[in-house]
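Visitor: I'd like a quick tour of how two chains meet. Can you take me through it?

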Amino acid sequence: MDLFTPGAGAAGQVHDLTPGVLPNGVFWTSAIPVNSFHVGPNRAQLRLRRLPVCDSFFFGSGEGVSAQVSCNVKWEATTNRQDRGEGSSAAPDTPGAFTGKFSDANCTARVRGRETGFAFKPNDPLDASGFYANFGEQRNGVFL
Amino acid sequence: MIGRRGLIAGGSAAAVAAAAVGLGGSALAEEDHGSSNQPNPKPPEPFPKPKKHCGLPPVKSAPKPIPGGIDSGDPNVGFIHWWLPGPDGSTTQILEIPGFGLDVDPSTITDFQGVSAFAVVAGTVRGSDGVDYDCEFDVRAMKGNYVGEDGQKRFGAFAFL
């Protein structure tokens with residue numbers, strides 16, 4: 001979750017809030033309560049409350065402070081489920097090494113966070129209209 | 001500061017030649033009744049509100065990272081087990097990271113079977129200092145069965161932020 005000086009683009013990054021990297025390399029991924037995330041035929045929702053993260057201020061800074069974030073993210077399908085991925089025919093270390101059925105989606109998010117000396121809260125919801133969102137079901141690794 | 005823009009070079013080389021593979025049967029998808037040809041016309045019932053449970057869930061064996069990924073180009077970060085789904089030719093709004101294509105695994109964990117969601121959202125947030133900061137948020141969630149570091153199959157949920 002990245003914050004930037006208004007209008008400055010990537011060079012203006014001032015906050016970089018992530019769960020960090022596990023010793024085995026799992027990247028910026030945290031365990032969450034199972035009932036925080038739901039997927040249905042046409043909708044999905046992620047609600048997190050005060051998830052502990054680290055604010056390293058900008059990517060690769062090597063330093064950080066403790067922080068916590070909360071979010072309410074909603075996906076609404078805009079397409080039917082479509083096959084995605086190459087399954088076991090793809091090399092395991094390539095992007096297509098999975099198989100799934102996904103719907104493209106509209107997505108909105110309300111986010112807030114806090115740390116010593118700083119906090120932020122939502123304005124209008126963030127949205128994915130400038131890039132991409134999807135949700136569905138998938139398998140990878142030994143489940144292929 | 002290198003920033004995530006440095007990921008662009010590594011990401012471009014990871015474009016996927018699409019050859020979609022069907023599931024051949026319904027996956028373990030909670031509350032998902034499989035593919036539907038028409039959107040549900042009825043107003044959706046709300047998902048249950050989660051209990052007011054803060055922070056981290058009870059400890060389980062950690063998941064394992066997807067084997068692939070890209071070199072971040074930053075010595076403090078190194079190789080990152082991460083791909084970016086997104087239409088060819090598109091870039092995220094603020095960091096301008098290009099999407100790797102649509103046949104791209106959104107999960108950051110391997111040996112996983114379940115439901116997942118992905119988005120890169122952007123907009124502004126209000127800081128406690130009164131400033132409206134630009135915000136970009138690559139958010140993902142995975143829930144289902146996974147084989148943890150201890151080799152045991154478990155059920156859990158994870159979020160990428």
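Visitor: How many residues of chain A are in contact with chain B, and how many of chain B with chain A?
Guide: First, the ground rules: this is a predicted model, where local features need pLDDT of at least 70, side-chain atom pairs count only at pLDDT 80 or more, and totals for chains, interfaces and linings use all residues. Residues are numbered from 1 along each chain as written, chains are lettered from A and ligands numbered from 1 in the order written, and side-chain values use heavy atoms, leaving out hydrogens and water. With contact meaning heavy atoms within 4.5 Å, the counts are 99 residues of chain A and 118 of chain B.

Visitor: What area is buried between chain A and chain B?
Guide: Buried area is the accessible area (1.4 Å probe) that two parts lose on being put together, summed over both. Carbon and sulfur atoms give 62% of it here, and the total is about 9100 Å².

Visitor: Which residues in chain A lose the most area to chain B?
Guide: Together they make up 9% of what that side buries. They are A:Phe59, A:Pro95 and A:Phe131.

Visitor: How many salt bridges does the rule find across the interface of chain A and chain B?
Guide: The rule wants a side-chain nitrogen of Lys or Arg within 4 Å of a carboxyl oxygen of Asp or Glu. Across this interface, the count is zero.

Visitor: Are the rings of A:Phe118 and B:Tyr133 stacked or edge-to-face?
Guide: Rings of Phe, Tyr and Trp (its six-membered ring) pair if their centres lie within 6.5 Å, with planes under 30 degrees apart stacked, over 60 edge-to-face and the rest tilted. The structure holds eleven aromatic pairs over all chains. In this one the centres are 5.7 Å apart and the planes at 90°, so the pair is edge-to-face.
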